[in-house]
Amino acid sequence: MSEDGTLFDEEFLKKLEYLEIISNNMVPGHLHGEHRAKKKTDSGIEFADYRQYVAGEDTKNVDWRTYLRLDKLILRIFEEEADLPIYIFFDSSKSMDYGHPLKFDYARKIAAALCYVGLLNLDRVNLIGYAEGITQEMSSRSGKNQVWHAFRFLESAKADGNTSIEQAFKSFFSVRRRRGLVVLVSDFLDEIGFERALDLLKHFRQDLFAVHIYSSEELRPDLSDEVLLKDSELGTTELVKVTPGLLDAYANKFEEHCDQLDSYCRKNGWGYVRASTDVPFEDLIVQVFRQGRFVR
Amino acid sequence: MNFMYMTPLFAGLFLAGAATIVGLLYWLKPPPRQLTIPSSLLWKRLLKEKRRSTLLDRLRWWLSLIIALAISLLMASAMGRPEFLWNGGDIFRMTIVIDNSTTMATRSADGFTRWDHALALGKELLKQGSVDGEFLILDTSGQLSSRNPTDRRSALGLLDKLTVSLGSSSRFPDYASTDGLLYFISDGVMIDEVPDNAQVISVYSSVDNVGITAFKVAPDPSDPLAYQAFLEIANASLESKEISMRLSGAGESVFSDTLTLQAGELEGRTIDLSGFARGPIRLTVATESDAFTLDDKAFSFLPTRNLTQVTLVSPGSAYLQNALPDRQNLMINSMIPEEFDNDVKADLYIFDRWAPQDPPMGPALLFLPPNVEWLSPMEAVVTSPSISYWDQGHVLMNFVSLKDLRIDQAVRFYSEAVDFNIKTNPEDHTDDSGAISSIHKSEIIIGTPELPLMVASEDPHKMIRVAFSLEDSNFPLQPGFPIFLNNVLSWMIDDQHALPGSLGRIEVPVTEGEVTDLEGEEISSSQFFGNTVFMANEPGLYTVTLGSQRIRVAVNLTDYKRTTVNTSSFSPEDRAVVSPEIFSLNREEASSGELWFVFIWIATLMVIIEWFTYHRRWTV
């Protein structure tokens, strides 16, 4: 949080304007919602065209009448649904209340920036804070005039409770939601792991862009001798005899954790980006843009 | 392995203590610092994997502890001067006889006494010996009576206990065994006969010394009222010496003189003490660079020079008239009872088988007095009474034995003496304040309360009443009779000569006496078979007091042989003598079994290893 106590201060807003220009330069006039309305896919509402079936493709859109008539497998092509929603989940568990700057502040800035870009490009944006479940939620909004509402919502969010991404997804997607893009801003320090939670997204046929936040203190903790490590969420303690070898092993373990998340996302065709809180958030957003997931 | 400065028990306790401290430091660690982290998820996964190597971690911890223990034990052991046992089975035996006669207190030119040198050489000898050898320490004055060999550490302790013997005679101790090495460390002054198998280590070096070899205060044979001091001064130096002599007495009385004596010359003098008052007499001699100071002063006591008038009233007693004149300062006025005039004053009255009607004006000794008013009456005549008791601790009985006393006839008289009852029922004889009442001033010297044969009292004058006559007993024929008369005279006129004494242990026939020196400082004493015993470590006039009884002891080192500290029988040219210089050389060439420096080196190496492994995080 800034010195005057406001998370989204003047400087932050200037950076958002910069991001707006960047996003327009990268994909001029074609934000996610507008652009995909022209896209022809195998799923959609309106018929658009035919094309030759390729072996291995889903046969649900095969035009069987044409097959009977011409003895050829022809697929029907539909226009994609327009204006799919963006669900921005930001981690508000206790573990986010750590680091300099706080991971939670950093996550909220990321969420705010992505929300800003989404609203600016007429997407419908949901903001969801979660810990063991949904803790705060801003219902679906669209239009640039909703930006300040979103900022106030994020500013009022608090970091507390344990992490359970699975519970949050179960809770959120238990009601029927439109297929969209789930942006998950988190440190992914979930006791039961992230796999089951992300599998839920597959189940609900949601697209995912994972933003992995960590602080430099987490990667290279300043520990020496014997120390009792207390889990900020669970309150449990672990007695650790710190050695340089152990610190190296911990760093490797952290990298391994990040790599697992990255490879899991890649395997499912999802976007993944990770950043230390030392990196300016706008740089991270640009990195997100470059991955081509959030904007095309 | 053995420890030079620790007993096995102490070494064990010391090492256990050191190990315990290190162990406690390892176990009693401060609580670890607590740190809050976002999540312990990754740490738990990591530690779960690491637990596979818990055994290795424990080994590291134990390695660290073992290194620390090794360091502490090595350093603790080094403090005890550890030694290895070099020889394989042969027992090394060494006997050291150390001369602790008086002349060993002579100070050498280097400022140390011959005794200091002897002790240092003795310890060096012990260090040369095998760690597991047997050692026997003996001395020439009998301070160490044990003939059992001991280990080296105990032998070192025995050497530390030994002191120069000031008074007792010195001789080479009986030593029958010829097994092992026999060393004799001496200055060769007091001991000159040494076994052939003994290797003599001489600590002799020539020094200057003058001393008093004789000092005595005695009456002038030609004048019973005059006293003389007889003294003898010797120059034991190897060159002539100018000697200052000073004789000082009570008050301002001083006699001083200077005399020059050639090397080895002896001079005796007789000095008239007419100008000296009654009291202690001190003789001192001084010269340049005197190495032996114990013989530079001597003490005595000048008794009263008044002529004691004794009135002897007897119908005729050859025993008394023959015994009394031996005391030269007595003026005896003998008379028969009819001639006695109670108005004629005397210092002492002796009534033999007679007593005046009125009490005499001074102390009195009465043998079998008849019934008179001022004496308790006679009750019966007892024939051949047995002597069942006499007070050996009383001053009247000093050096007097009554074992062979036979009495044909005595009388029983009522005695107020309750000496026996005091011991059994003291509350009956104390006044309201708890003090013993005046009746206790009567004491039974010989006899029992039922039959007192000699009673002494002090109220109003000292009086001794004897219940038998000399003619009815063999008392005058006893060797102790003149001594008894002498004791009576000394007690009654309260004057004594000083008893002669030598340096060292002094035993005085007084029970529970209090000992003071010339300055009035109390000297610690003990009791030995009813006698008072104290140690006189330097010449002086000591006083033993018990109530009104006072015994003076003049302790002097007036011995020509002790003064001649340069008459050593062990000359450095004698081949049988091992000179200290050669001995020191041998000491350097001797192989040492000490390991303390090895231990320190190993401990230092271990510290480096510990430092290295810690900083490499091998042991954490």
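Two strands pair if DSSP finds at least two bridges between them, with strands being DSSP runs of E at least two residues long and helices runs of H or I of at least four, both numbered from the N terminus. Keep that in mind as you look at this predicted model, where local features need pLDDT of at least 70, side-chain atom pairs count only at pLDDT 80 or more, and totals for chains, interfaces and linings use all residues. Residues are numbered from 1 along each chain as its sequence is written, while chains are lettered from A and ligands numbered from 1 in the order in which they are written.

Start with chain B, which has eleven helices and 32 strands. Of its 620 residues, 35% are buried (20 or more other C-beta atoms within 10 Å of a residue's own, with C-beta atoms placed from the backbone). Take contacts, meaning C-beta atoms, again placed from the backbone, within 7 Å: among those in chain B between residues at least 6 apart in sequence, 67% link residues at least 24 apart.

For a local detail, go to β28(B) (525-528) and β29(B) (531-536), antiparallel strands joined by four bridges. B:S525 has B:F534 as its bridge partner in β29(B). Two residues sit between the strands of this hairpin, and B:F529 takes a positive phi near 50°.

Now over to chain A. The contact between the chains draws 28 residues from chain A and 18 from chain B. On the chain B side, β2 (33-37) and α2 (41-50) each supply at least two residues, and α2(B) gives the largest share, seven residues.

Notes
Two residues are in contact if their C-beta atoms, placed from the backbone, lie within 7 Å. A residue is buried if 20 or more other C-beta atoms lie within 10 Å of its own, exposed if 12 or fewer, and partly exposed in between; C-beta atoms are placed from the backbone.
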